[in-house]
Amino acid sequence: MLAYFPKPYPDELLYSMLARCKVHMGIESPKHLLDLLYQKRTVIAVPDLPAQLQLLCNSLQHVQQLNAKQLLYQRTLFPLYAPFIPEGRKQHLTDLLINSDGSVVYVEIGMSAGTVKLPAFFRYCPLCMNELQQEYGEFAWLRRWLVPGYQVCHIHGCELCDSILPLRSIHRHEYLAACPQYCEDFAVATNHSSKLVQLSSSIMELLAITESQSPTYHQWTLFYRGLIAEAGMQNGMQVSGFELHSKFRSYWPHSILVSLNLVPVGPSSWLLAMFRKHRKSFSYLQHLLVWQVLKPQYSVSQLIACANSFPESASRSQKVVPEGPINQADRDRWLQLLQSGLSVKQARVQYHKALYARLYRHDRTWLLETNKGWHLKRTNHSNTNWQVRDKHYLRQLYRVLALRDFELKTPRQSRNWFLKQLTRSSTAEKHLSKLPLCQSFLNRYSETVAEFQIRRLTYQVLLGRQNNQSRLAWELERLCGLANGRTRPLTLKFMELLEREVL
């Protein structure tokens, strides 16, 4: 049981707090630290989206009163994703990170298949790191330094530096604290792009957002439709892709988009997809890039609140079609077609399309109610006489077999080839276990690869004799398409006989 746990610094990662705890307590063994913190040794040290938060809070309740959900929103990168995924999935992910090992979080949150990836190494702002050293006497890992897109410090305006510590260490259970050993480069690289500073500020706004209702896909769809309409980049109900791409690419330099791996290319680019119907979640970085171009004067919280103001789902109002006067002659004619043994589809498609169209347009209620009693029942083959069906299929198979010696150019007559020659091949293949005669036929007469090769050779030999031509073995192999190493042993013996007796 731990008797001490460090207090967090502003915007510090939970990972960094646990790493500093290890240093302050003088704990050398990573597994021993996990025992003290979680009472289990299988927890993985994840910097961005750590799991088992409730277990950690329970272990430290005698030292600090920690709240699992507050840790999730204030000490991890979860706030970057929370506003842009549906509410139900967000609550499910919250539960996974708080109460389980979180092994499927990266898949369900969309990071595994997404284009926005975390940096390969821990990053830091050299000026911020010096300030931490001066104020607190030690280094720490801050949340914002891990965020993809946060390339420039929003406080000092300088570019971030890469440490030599990989974000995904081969030592999966070890927490490593920030220290001069990992942070070697303290040269300040001045940034000359105000757009990146503004993007970093937007990321900080997003990280500061507390738990709130996430907009639905429908709300995001309406929000972006309004956004493109305000920008005047619509052709009727369609998005003017050329204007949108031009404005976006003129604002964001190509080098920045390449570094973020978010270059919109072609008519199916992610940029155009955001202004169509939303069927999936988009990355926070995609949203922020678009907002900075079209709504630079609004804050992140204002834009999310604006999206929440739209209806959560589309209202489905059924259109009422007024029906015309009843035509008894059309009704009688339709009933005659159904009573003649035709199905509804056969009567509609094969015999009287115009009659069906008139009834559907002017007498729909009667037509639909009448058709309910005349739909053909779907069979599950429970009444099929499989013994009769077996003999019927067998006769078809023997008729196909009788042509084998006359049609030497046919494809390989394998089991599947024979089944495809039947009138209902899919039924026979699916219920082959109920067709013992067909099974015996297929086991006896299905052609092996060697037999198929011999048949091809026979055809070429007969063709040569008809044309008074004599061919060498290698010529026959080439004509039959027999590649080196694929000729079967039985075929090789057959070719030896041909060389001695025929060729």
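Modeller: Helices are DSSP runs of H or I with at least four residues, strands are runs of E with at least two, and both are numbered from the N terminus. This is a predicted model, where local features need pLDDT of at least 70, side-chain atom pairs count only at pLDDT 80 or more, and totals for chains, interfaces and linings use all residues. Residues are numbered from 1 along each chain as its sequence is written, and side-chain values use heavy atoms, with hydrogens and water left out.

Biologist: How many helices and strands does the protein chain have?

Modeller: The count is 26 helices and four strands.

Biologist: What is the radius of gyration of the protein chain, and what would a compact globule have?

Modeller: The radius is taken over C-alpha atoms, and the globule rule is 2.2 Å times the number of residues to the power 0.38. For 503 residues, a compact globule would come out near 23 Å. The protein chain has 36 Å. Its C-alpha trace spans about 95 × 85 × 50 Å along the principal axes.

Biologist: What share of the residues count as buried?

Modeller: Buried means under 20% relative accessible area, exposed over 50%, and partly exposed in between, with a 1.4 Å probe and protein chains only. Here 45% of the 503 residues count as buried.

Biologist: And which share of the accessible surface belongs to carbon and sulfur atoms?

Modeller: Areas come from the Shrake-Rupley method with a 1.4 Å probe; for residues, only the protein chains shown count as cover. The protein chain exposes about 27900 Å² of accessible surface, and carbon and sulfur atoms account for 52% of that.

Biologist: How many disulfides does a search of the whole structure find?

Modeller: A disulfide is a pair of cysteine sulfur atoms within 2.5 Å. The search finds zero. C21 is in none, and its nearest cysteine sulfur, that of C57, is 14 Å away.

Biologist: Which residues does K22 touch?

Modeller: Contact means heavy atoms within 4.5 Å. Not counting residues up to four places away in sequence, K22 touches I27, E28, L33, E174 and Y175. K22 sits in helix 1. It counts as buried, at 11% relative accessibility.

Biologist: Where is G157?

Modeller: G157 is in the loop between helix 8 (126–136) and strand 2 (161–166). It is buried, with a relative accessible area of 18%. Beyond its neighbours within four places in sequence, G157 contacts V152, T190 and N191. Now take R415, which is 258 residues from G157 along the chain. Their C-alpha atoms are separated by 72 Å.

Biologist: What is the phi of D11?

Modeller: D11 has a positive phi of about 60°, although it is not a glycine. It lies in the segment before helix 1 (14–25). D11 counts as buried, at 14% relative accessibility.

Biologist: Is Q52 buried or exposed?

Modeller: Q52 is buried, with a relative accessible area of 10%. Its place is the loop between helix 2 (30–38) and helix 3 (53–59). Q52 is not a glycine, yet it has a positive phi of about 60°.
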